[in-house]
Amino acid sequence: MSIAIENPLSPAHPEDPNGRTPFVLDPVAQDALFRSARTARAWDPRPVSDEHLAAVYELLRWGPTAMNTSPLRLVRVATPGARERLAIHLFDGNRERVRTAPLTLVIAADAEFHTHLDTLVPHMPDAAGMFADADGRVAVSRDNTFLQAGYLITALRASGLDVGPMGIADPAGLDADLLAGTSWRSLMIVNAGWPAEDDGAFPRAPRLEPEVAIRTV
Ligand SMILES: Cc1cc2nc3c(=O)[nH]c(=O)nc-3n(C[C@H](O)[C@H](O)[C@H](O)COP(=O)(O)O)c2cc1C
């Protein structure tokens, strides 16, 4: 049996019930985005330009969010001084990574995302009124920012970069420092760039089988 028949994501299976021009990402690109893409933890010094980051944002912003709320915000931490201020709020083992990664981003959720809904939801005149409750807004902003962080990771990989997401030890401390005076609340760090030749990667951990992760009812 050929791979084209075994693999429903193969371009040889371009059936589209809506009659649109069939499109399936080729398997090499699928590998680059998912199967072969590893989390990177050590970096080549080659820089990532502002234009490169802007092109990545241009991709990620089209991913779906609840009501198109789009609450993800990014802080590019670039100067050595800002990197040190960030490092203070991270777990010990993560600090050197933000000192050396070509691109270091704080992923933040905008707790005041509703102030942009005139732009984002123009077809619903009082969309912002649905988010009057501050606690509810924080929950929506966090959920949808994590979702957009997934789009960010995929967009960075689609642009040829390796990615290293990391948690934050003291997000409140980080918010009071690098994000002071804003409604942005930090959720995670994403490093990106080209990986060091020896990035110390350990063998890849398995993932769950579809029988475990997918249930049909
Ligand atoms: C939200 C999030 C937080 C993470 N936090 C850390 C971290 O603090 N330190 C670290 O070394 N890796 C961290 N990782 C990386 C994961 O451990 C890694 O992506 C996962 O084990 C899969 O590895 P692989 O992509 O090489 O298969 C984090 C990943 C995500 C998505």
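Biologist: Where is Ser70 placed?

Modeller: Ser70 sits in the loop between α3 and β1. Please keep in mind that this is a predicted model.

Biologist: Is Ser70 buried or exposed, and why?

Modeller: Ser70 counts as buried because it has 24 C-beta neighbours inside 10 Å, and the cut-off for a buried residue is 20 or more.

Biologist: What is the phi of Ser70?

Modeller: The phi of Ser70 is near 45°, which is a positive value in a residue other than glycine. Asn68 also has a positive phi, near 65°, and is likewise a residue other than glycine.

Biologist: How far apart are the C-alpha atoms of Thr69 and Ser186?

Modeller: They are separated by 17 Å, while the two residues are 117 residues apart along the chain.

Biologist: Let us turn to the helices. What describes a pair of packed helices?

Modeller: Two numbers are used: the angle between the axes and the distance between them.

Biologist: What are those values for α3 and α7?

Modeller: The axes of α3 and helix α7 (residues 134-158) come within 9 Å and cross at roughly 130°. This angle makes α3 oblique to α7. The crossing of α3 past α7 is right-handed.

Biologist: Which residues make that contact?

Modeller: From α3 they are Val56, Leu59 and Leu60, and from α7 they are Gln148, Tyr151, Leu152, Ala155, Leu156 and Ala158. By class, the contact of α3 with α7 has 8 nonpolar residues, 1 polar residue and no charged residues.

Biologist: How do α4 and α5 pack?

Modeller: Helix α4 (residues 80-87) and helix α5 (residues 92-100) have axes 9 Å apart and an angle of about 165°. Angles over 145 degrees count as roughly antiparallel, which means that α4 is roughly antiparallel to α5. The crossing of α4 and α5 is right-handed.

Biologist: Which residues of α4 and α5 make the contact?

Modeller: Arg83, Leu86 and Ala87 of α4 meet Arg95, Val98 and Arg99 of α5. The residues of the contact of α4 with α5 divide into 3 nonpolar, no polar and 3 charged.

Biologist: Now the ligand. Which residues surround it?

Modeller: The ligand is surrounded by Arg38, Thr39, Arg41, Phe91, Asn94, Pro165, Met166, Gly167, Met188, Arg204 and Ala205. This shell divides into 5 nonpolar, 3 polar and 3 charged residues.

Biologist: Finally, how many helices and strands are in the protein chain?

Modeller: The protein chain has 9 helices and 4 strands. From the N terminus on, the elements run α-α-α-β-α-α-β-α-α-β-α-β-α.

Biologist: What are the spans of the C-alpha trace, and what percentage of the residues count as buried?

Modeller: Along its principal axes, the C-alpha trace of the protein chain spans about 60 × 50 × 35 Å. Of the 217 residues of the protein chain, 26% count as buried.

Conventions. Residues are numbered from 1 along each chain as its sequence is written. This is a predicted model: local features need pLDDT of at least 70, side-chain atom pairs count only at pLDDT 80 or more; totals for chains, interfaces and linings use all residues. A residue is near a molecule or strand if its C-beta atom, placed from the backbone, lies within 6 Å of it. Ala, Val, Leu, Ile, Met, Phe, Trp, Tyr, Cys and Pro count as nonpolar, Asp, Glu, Lys and Arg as charged, and the others, Gly among them, as polar. Axes are lines fitted to C-alpha atoms, for helices over the stretch in contact, and angles run from 0 to 180 degrees between N-to-C directions. Helices (H or I, at least four residues) and strands (E, at least two) are DSSP runs, numbered from the N terminus. Angles under 35 degrees count as roughly parallel, over 145 as roughly antiparallel, 65 to 115 as roughly perpendicular and the rest as oblique. A crossing is left-handed if the near helix is turned anticlockwise from the far one by less than a right angle, and right-handed if clockwise. Two residues are in contact if their C-beta atoms, placed from the backbone, lie within 7 Å. A residue is buried if 20 or more other C-beta atoms lie within 10 Å of its own, exposed if 12 or fewer, and partly exposed in between; C-beta atoms are placed from the backbone.
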